[in-house]
Amino acid sequence: MSSLSERPPVAVVGVPMPHESAALHVTGHALYTDDLVQRTRDVLHAFPVQSPHTHARVTALRVKPAYDVPGVVRVLTAEDVPGVNDAGVKHDEPLFPSEVMFHGHAICWVLAETLEAARLGAAAVEVDYEPLESLVTVREAIAAGSFQGTGRHLERGDAESALAAAAHVFEGEFEFAGQEHFYLETHAALAHVDEGGQIFVQSSTQHPSETQEIVAHVLGLASHAVTVQCLRMGGGFGGKEMQPHGFAAIAALGSTLTGRPVRLRLNRTQDVTMSGKRHGFHSGWKAGFDDEGHLVALDATLTADGGWSLDLSEPVLARAMCHIDNAYSIPNVRVDGQIAKTNKTSQTAFRGFGGPQGMLVVEDILGRCAPLLGYDAMELRHRNLYKPGDSTPYGQPVRHADRLEACWSQVSAGGDVEQRKAEISEFNASHPHRKRALAMTPVKFGISFNLTAFNQAGALVHVYKDGSVLINHGGTEMGQGLHTKMLQVAATTLGVPLARVRLAPTRTDKVPNTSATAASSGADLNGAAIKNACEQIRERLEQVAAGRLGISPHDVRISDGVIRGLSEGEDLRWEDVVNAAYHQRVQLWAAGFYRTEGLHWDANAMRGEPFKYFAYGVAAAEVEVDGFSGAYTLRQVDIVHDVGDSLSPLIDLGQIEGGFVQGTGWLTLEDLRWDESNGPNRGRLATQAASTYKLPSFSEMPEVFNVRLLEKAHEDGAVYGSKAVGEPPLMLAFSVREALRQAAAAFGPAGTSVDLASPATPEAVYWALDRARSSVLTASGV
């Protein structure tokens, strides 16, 4: 067992406890970025001038009419940028564009004394456009050859020969939609400049260091002149990894030019129409099976809809390609990946980061092909699961593959799956207009950033003379409970009660050069960095205590704020030893650092071991579908998920439940609709609010929802033996979509294969079951 994963006998980690800000959340006392406006004097408000065209050239911009609006102070345009007019890291996202690339693209920004004055000022700005041809769908982009970034190729074995020799070969295509983040807190930033010209930005961002970098290069400053702080976010889900940078830069630019604080907060319509979403994908595939139902070959092309700029599309595509196997062993694989350039918002990170898109392809293949092969879909999936000794198509050993089988068997036994399948068969036989189905799907998800350099973290830990502890780390809190876990890690490592430890907001002047809180790695990276810092301090205190106790430092034990030796003797109080250390001029603070070891990845060859480990899980979902409307009920969900030795069980259970529900929303409810017509609103997003974009609510929750953590799942080499939990549970929702497919097929004859759109809305389910039902009529000669 590694020292990083070793857990002391008495530990604060592993103890179920509520979120550290839970009471503040429910009482309304938790402060978010925009709440700080009320505590700041003389704030100016920013409002965008948005394009009514999907693709157009700006031929004239007249801002003078805006200054005639009472309260307008400044209109920000490209001429005001002292540095680089770009908000992205790929240098393809002009902050003030001369060419509009999507409907709602911000041309310039108006600053005013009130938000209403800024809105009226923005409405007064006059813009002339030259409309240009636009590409709205990924199919249009493919037909036009409109691609961006670098395409990738992943290959193992000989897919062509294996397909030629396969007993059963199927092919098809599958296009599925993206997803709106719809975090409760929209994008927000508040910037001001101090007397020395230092820029301070409060930002709702998952990546403060990159926000700092972008603000600095827009203003033409060095990074040390910009400080970014993130108190907390009201949700992020990946949507605040890259996209906050430009908004923070607008606020900082406005503050620099006016000398006053500037607040930028998007309303919901602006946020939905201006910010990126989960990438929709188009896939074409050919799959081969042997007579025993084993998937022997897969040849696929994945096309990600990147929108108007690259953003994170390249690593999203790479992760999708690395996860096209999901939890299944496929000896011969060939996958080509490309990124379409369309006139839509620049699509970005979203929980799962391409993993769900890749995994959905193979799940769709198995769901379609199982009836054609004469197999129960559950059995087909089970017999294709990875086994110990297997490796992925990109060459990484699938360590702990036996946990897939453990999760599968525990869900099957705990959920009475076989008995319920028999009951469902009886129900379906006696109910011609309602059908039920039960599907089980697995998850294998790699944990680490695709870009190896991002797999590092820092922390700063202070112990004050009174024994109290303050920790800083580079991770951001978006409601996922990261700060709660970090408090538990610090208390455990130092051997003090949790009440002794406080956590400071995430700031770039405390811990520099941090990675985004993303890729499910926030606890792994920052927890290890905090542990490293605390161990440095603890080692120094053990030296001091050893001197007072007259023993070797190796025999000193610190637990629950009490310091003692191995044998019976004097007990010392934590605060007394801390105070003694101060008077002995012993350093009581430490900077911690961690880099994930054992990673190597050749992005061009798509080969290597890019992930520290895999997180596993299995879900079983039972649905009932109405044959007249396609409406459905999620009757029961059973989940067993591998989180290693949990750092904080209540937090992890909440993440599993929340991730599953969000995945269910993506796959069954959330239907992004852009106007694809050739009319004046072509390219406009029609689903701009909760009134038109259906989010999961209480009515979609399963009637029975059983979630268990896989036991005896210690992960060696990770902080206190834990595993990441943020993203992997989202893919457990495949079970819901596959259950809907099977229920729709139950309206047809045995062996019916159903193609099901994604999202599988009630409308999509109705048309699927209608096709299945039509096959009954056709078979009977009607």
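Trainee: Which residues lie nearest the centre of the second largest cavity, and by how many residues is this cavity lined?

Mentor: Please keep in mind that this is a predicted model. As a general idea, rolling a probe the size of a water molecule over the atoms shows where empty space is left. Here the second largest cavity has 14 lining residues, and Asp524, Tyr594, Thr596, Lys612 and Tyr613 lie nearest its centre. Its volume is about 100 Å³. The lining comprises seven nonpolar, five polar and two charged residues.

Trainee: How many cavities of 30 Å³ or more does the structure hold, and which residues are closest to the centre of the largest cavity?

Mentor: There are three cavities of 30 Å³ or more. The largest cavity contains about 330 Å³ of space. Its lining has 19 residues, and those closest to the centre are Ala87, Glu93, Phe247, Met274 and Trp308. The largest share, three residues, comes from helix 7. By class, the lining has eleven nonpolar, six polar and two charged residues.

Trainee: How should I read the pockets, and what volume does the largest pocket have?

Mentor: Ask about the volume, then about the lining. The largest pocket holds about 1400 Å³ of space. Of its 48 lining residues, Phe237, Arg351, Met478, Gly479 and Gln655 lie nearest the centre. Helix 14 (482-494), helix 15 (522-549) and helix 17 (649-668) are the elements that give two or more residues to this lining. Helix 17 provides the largest share, six residues. The lining divides into 21 nonpolar, 20 polar and seven charged residues.

Trainee: Which element gives the most to the lining of the second largest pocket?

Mentor: That element is helix 15, with six residues. The second largest pocket has a volume of about 830 Å³. Among its 28 lining residues, the closest to the centre are Pro8, Thr493, Arg538, Glu542 and Ile558. At least two lining residues each come from helix 14, helix 15, strand 21 (556-559) and strand 22 (562-565). The class count is twelve nonpolar, seven polar and nine charged residues.

Trainee: Let us turn to charged pairs. How many salt bridges does the structure hold?

Mentor: Side chains of opposite charge can pair when their charged atoms come close. The structure holds 51 salt bridges. In one of them, Arg139 pairs with Glu175, and the closest N and O atoms are 2.6 Å apart. Arg139 belongs to helix 4 (residues 138-144) and Glu175 to strand 8 (residues 168-176), so this pair ties together parts that are 36 residues apart in sequence.

Trainee: Are Arg139 and Glu175 buried, exposed or partly exposed?

Mentor: Arg139 is partly exposed, with a relative accessible area of 41%. Glu175 is also partly exposed, at 33%.

Trainee: Which residue meets Glu622 in a salt bridge?

Mentor: The partner is Arg420, at 2.9 Å from N to O. Glu622 lies in strand 27 (residues 613-626) and Arg420 in helix 13 (residues 417-430), so the pair ties together parts that are 202 residues apart in sequence. Both Glu622 and Arg420 are buried.

Trainee: Which residue forms a salt bridge with Glu624?

Mentor: Arg436 does, at 2.7 Å from N to O. Arg436 lies in strand 16 (residues 434-447) and Glu624 in strand 27, so this pair joins parts that are 188 residues apart in sequence. Arg436 is buried, with a relative accessible area of 17%, and Glu624 is buried at 13%. Elsewhere, salt bridges that share partners link Glu363, Asp364, Arg368, Arg381, Arg737, Glu738, Arg741 and Asp755 into one network.

Trainee: How many residues of helix 18 are buried?

Mentor: Eleven of its twelve residues are buried, so helix 18 is largely enclosed by the rest of the structure. The buried residues include Arg737, Glu738 and Arg741, which also take part in the salt-bridge network. As for length, helix 18 (residues 734-745) should span 16 Å at 1.5 Å a residue, and its end C-alpha atoms are 17 Å apart, which agrees.

How values were computed
Residues numbered from 1 in each chain as written. Predicted model: local features only at pLDDT ≥ 70, side-chain atom pairs only at ≥ 80, totals over all residues. Heavy atoms only, no water. 1 Å grid on protein atoms, 1.4 Å probe; cavity = no way out; pocket = protein on both sides within 12 Å on 5 of 7 lines; lining within 4 Å. Points joined across faces, edges and corners; volume = space filled by probe spheres on them. Helix = DSSP H or I, 4+ residues; strand = E, 2+ residues; numbered from the N terminus. Nonpolar A, V, L, I, M, F, W, Y, C, P; charged D, E, K, R; others polar. Salt bridge = Lys/Arg side-chain N within 4 Å of Asp/Glu carboxyl O. Buried < 20%, exposed > 50% of the residue type's maximum accessible area, 1.4 Å probe, protein only. Expected span 1.5 Å × (residues − 1).
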